[in-house]
Amino acid sequence: MNSMHKDPMNPSERIDQLIAELTDWRGKTFASIRKSILKADREIIEEWKWRGSPVWSHNGIIAVANAHKDKVKLTFSHGANLPDPDKLFNAGLAGNAWRAIDFFEGDEINERALKNLVRAAVDYNQIKLKRKASAGTRAKVQKSKK
């Protein structure tokens with residue numbers, strides 16, 4: 001009676017499977033990146049979007065990761081607005097919003113710096129959410145005066 005062919009795996013299980021399928025250095029790198037992201041904030045949600053990309057969110061998208069042939073790319077949706085004192089961003093620097101970190105074989109992951117960047121992204125999303133909420137409140141107040 002299963003007329004819907006819904007994927008039985010949740011996003012976290014799909015990410016587990018992706019990591020398991022990456023049997024070279026990329027799987028280990030992906031797993032380390034994921035661990036750092038999840039350690040940075042307990043309320044981060046794992047999602048699966050855009051034809052098979054792991055996405056981490058908290059009040060909006062924080063980052064998306066993709067394994068390429070020669071690298072693992074971690075892209076922050078609002079990277080241009082985040083402080084990066086450890087200079088982790090090394091890709092996607094030309095755009096207005098997105099910034100990425102390309103991890104290559106043999107690269108060390110600076111867990112402390114990555115967790116700080118994730119926390120900054122969470123903070124940015126929360127500030128953006130508050131601004132949106134207060135802008136909505138102002139609009140309602142102005143309408144009610146008429």
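How many salt bridges does the structure hold? The count comes to nine, and the close-ups below pick out some of them, along with a few other spots in this predicted model.

**View 1. D16 and R34 join two helices.** Here the side chains of D16 and R34 come together in a salt bridge, with N to O at 2.5 Å. The pair ties together distant parts of the chain: D16 belongs to helix 1 (residues 11-21) and R34 to helix 2 (residues 25-40), 18 residues apart.

**View 2. Helix 2, end to end.** Helix 2 has 16 residues, which at 1.5 Å a residue should span 22 Å. Its end C-alpha atoms sit 23 Å apart, so the model agrees with that expectation. R34 from the previous view is one of the buried residues of this helix. Others on that list include W25, F30, I33 and I37, as well as R26, G27 and T29.

View 3. Strand 1 (residues 45-49) and strand 2 (residues 53-57) run antiparallel and are joined by five bridges.

**View 4. N59, another residue with positive phi.** Most residues other than glycine have a negative phi. N59 is not a glycine, yet its phi is positive at about 55 degrees. You'll find N59 in the loop between strand 2 and strand 3 (61-67). With a relative accessible area of 37%, N59 is partly exposed.

**View 5. D86 reaches helix 3.** The side chains of D86 and R112 form a salt bridge, N to O at 3.0 Å. This one also links distant parts of the chain: D86 is in the loop between strand 4 (71-76) and strand 5 (99-104), while R112 is in helix 3 (residues 111-144), 26 residues apart. D86 is partly exposed at 30% relative accessible area, and R112 is partly exposed as well, at 47%.

View 6. E111 and K115 pair through their side chains at 3.8 Å, N to O. Both lie in helix 3, four residues apart, or about one turn of the helix. E111 is partly exposed, its relative accessible area being 26%.

View 7. D84 sits in the loop between strand 4 and strand 5. What does the buried D84 have as its nearest side chain of opposite charge? That would be K87, 6.4 Å away, and D84 has no salt bridge, because a bridge needs the nitrogen within 4 Å of the carboxyl oxygen. A polar atom of the D84 side chain does lie 2.9 Å from the backbone nitrogen of F89. Setting aside neighbours within four places in sequence, D84 contacts F89 and L117.

**View 8. K87 in the loop.** K87 is also in the loop between strand 4 and strand 5. Is K87 buried or exposed? At 66% relative accessibility, K87 counts as exposed, whereas D84 is buried. K87 isn't a glycine either, but has a positive phi of about 55 degrees.

Definitions and conventions:
Residues are numbered from 1 along each chain as its sequence is written. This is a predicted model: local features need pLDDT of at least 70, side-chain atom pairs count only at pLDDT 80 or more; totals for chains, interfaces and linings use all residues. Side-chain values use heavy atoms; hydrogens and water are left out. Buried means under 20% relative accessible area, exposed over 50%, partly exposed in between (1.4 Å probe, protein chains only). Lys and Arg count as positive and Asp and Glu as negative; His and the chain ends are not counted. A polar contact is a pair of N or O atoms within 3.5 Å; within protein, one must be able to donate a hydrogen and the other to accept it, and residues adjacent in sequence count only if both atoms are side-chain atoms. Contact means heavy atoms within 4.5 Å. Two strands pair if DSSP finds at least two bridges between them. The expected span of a helix is 1.5 Å times one less than its number of residues.
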